[in-house]
Amino acid sequence: MSDTLTVHHEHPANASEFVANDSRAHWHDQSLWFVRSKRDKAAGTLPEWEELRARASGIKQHAMSRLADYLEQFERNAQKLGAVVHWARTPAEHNQIVLQILQKHGAKKVVKSKSMLTEECHLNPFLERAGVEVVDTDLGEWIVQLRQEPPSHIVMPAIHIKREEIGELFHQHLGTDAGATDPPYLVNAARDELRRKFLNADVGITGVNFAIAETGGFVVCTNEGNADLGVSLPKVHIACMGIEKIIPRAADLGVFLRLLARSATGQPITTYSSHFHGPIAGGEMHIVLVDNGRSDILGSADFRRSLNCIRCGACMNTCPVYRRSGGHSYEATIPGPIGSILAPSRDAKTHKSLPFACSLCGSCSDVCPVKIDLHTQLLTWRKQISVRGLLPWTKRLSMKFARVLLGSTWLFTTAGRIGRWTLPKLPRFMVYNGLNPWGKQRELPPMPRQSFRELYRKRKSK
Amino acid sequence: MPRVGLFVPCYVDQLYPQVGMATLELLERYGCEVDFPPDQTCCGQPMANTGCTDDAKPLAEKFLAIFKDYEYVVCPSGSCTAMVTHHYEELLHGQPGFEELRKKTFELCEFLVDVLKVKTVEGRFPYKVGLHNSCHGLRELRLGSSSEMMVDRFNKAGQLLAGLDGIELVTLKRPDECCGFGGTFAVAEEAVSCMMGLDRIHDHETAGADVMTAGDMSCLMHMYGLITRQKKPIQVMHVAEILAGRQPARAIVPN
């Protein structure tokens, strides 16, 4: 799992490795562009789309401005419904709380539906070390679990894996026919195996998409119904959520559910939007509220709006860099544009290359259903990285140099004249070599004899 | 007669003088009194986008001093214009003349359409043209509607180009995907940058374009570099060049 990524690489190195396999990189780009196109069609069916985005953003910003109050209201109402509410400051506290609940029930087998929060807390390896079997029951998530990889996308965890590779994986783990790639056949094999896991599970763990302060209930959105089955068969349900999942009223759900599935996959709504209000008869429900740095983000005017995120993944599907470098190239629980904001908030030094894994095209900000100003926040992170002295010295030095050169009109025009005169006369190997990343795949522009200012001066004096 | 201070991006001044000349001629054609203040260098965007705000600030201050007294400031680049109108705020906040400067600075097509109220540009360009929508012009200046947003469709450069005689604007599969230039991104993330550029070129080629045009020469410089290395026939021209009546450098069979 994520722990296996012990040696950290910068994004450009990982990305160039991904790009080196040209046909695969294009396959990945096109798969995600297909999802982006489906999203465009679905969003286009709602004349009120931009109005919905504005409402969602407003509701989230309001909820974040009174987060403590809404969390306590949620806790009170959830308790009234019979749930036990736990508070965790850190991933370690979260994992310990979950383990204690499992131990209390002597649970050895857990089924888990998709939850980016438990990925963030590295819950699976923690529980496995404690002798608990954890099975991810979302098909994509289960596939990456079998491959001992982290998800590469928050909505489509196995989007980087080809059908043939899944056939091979299932052949090894489930004994399906060698070379089988037929999706219904593979899905049925997975269903049989997962059904056994569901029937034997002691506890079901789910994530939370929306927690409603007013009612104390919460909603989990899936397409496979795995969350529902996972918490209907076992008697104990543990729901793990980041504290930013709060929305004030049940009526607000109408805004978010309409935006979420359309943004994520282009569906009008997820197949299952399951509402949970307290434990099932004779069972137990635990809700674990996790901070893990969210309060710090809330305290920062620059990055607060990143807590609006409803984890739809649209910014990943639209990001031209994500599509061509793959989710794993980010080496963060959440990849892509939103991940490149959240990861440095936790550990700027490790993730300092992420805000630069971006051409600042702004597509993410325009696609985001809750109007997070993603590309502006990425630019703000670049400043933070510079201020904290984390920029590589080459970048720092070249910018100091540029400041001097461009600061003086005489230096700028003189350097320009010398450059334009010299470059065409140099032998090719002196211009195109390992020191010039521009020239690896690109020619430099032809050098004009005169600059614009020289032509302008001449024209004026005529 | 509008008095325009011509803001020519540093790399356009040094590497693409013909784009500056085309801009100058266009503005004069529509009755502007244009002046190029010779002290100008760079708006500071490379430093600001690398996070080096302190290194960008003196350039922003220099820019304000040079341009503050013009009636309008016009620039043939969406990206450099956006630097002034969207990103100078944190560098020049509260400085005398800045608020006025921000409001009177325009990208070329925006100035032609919104201020000079140009409906159609006289001229003939009988070729198949692909319009690359440079990102900062599109999503910061809103020179057109972006494909992500569900709003009424418009495009200022496209509208001006469409008025030329004989021109055919081709339909792209991805109308506004980034070309991957991105300033220092082009070298820091060389592999992804070049893949993005090649994909963008491919989209234009498949759509049948003979010429790729854009409001930003930086995108075109990046794609020209790839096109030339791969010896592709497609050509690049800045929107200002086409609107000013320039023809492709290499002969193309007209429509």
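## The parallel sheet

In chain B, four strands form an open sheet with parallel pairing, in the order S2-S1-S3-S4. At its edges stand strand S2 (33–35) and strand S4 (105–107) of chain B, each of which pairs on one side only. From one strand to the next, the twist averages 30°. The model described here is predicted.

Strands of a sheet pair through backbone hydrogen bonds, in either a parallel or an antiparallel manner. Strand S1 (residues 3–6) of chain B runs parallel to S2(B), and three bridges join the two. Within this pair, Arg3(B) of the chain stands opposite Glu33(B), which lies in S2(B).

## A helix across the sheet

Helix H8 of chain B covers residues 108–115.

## The chain as a whole

Chain B contains 14 helices and eight strands. Its radius of gyration is 18 Å, close to the 18 Å that the globule rule gives for 255 residues, so chain B is as compact as a globular protein of that length. Taken along the principal axes, the box filled by the C-alpha atoms of chain B is roughly 50 × 45 × 40 Å.

## Burial and contacts

Of the 255 residues in chain B, 60% count as buried. Among contacts in chain B with a separation of 6 or more, 78% are between residues 24 or more positions apart.

Methods
Residues are numbered from 1 along each chain as its sequence is written. Chains are lettered from A and ligands numbered from 1 in the order in which they are written. This is a predicted model: local features need pLDDT of at least 70, side-chain atom pairs count only at pLDDT 80 or more; totals for chains, interfaces and linings use all residues. The radius of gyration is taken over C-alpha atoms; the globule rule is 2.2 Å times the number of residues to the power 0.38. A residue is buried if 20 or more other C-beta atoms lie within 10 Å of its own, exposed if 12 or fewer, and partly exposed in between; C-beta atoms are placed from the backbone. Two residues are in contact if their C-beta atoms, placed from the backbone, lie within 7 Å. Two strands pair if DSSP finds at least two bridges between them. Axes are lines fitted to C-alpha atoms, for helices over the stretch in contact, and angles run from 0 to 180 degrees between N-to-C directions.
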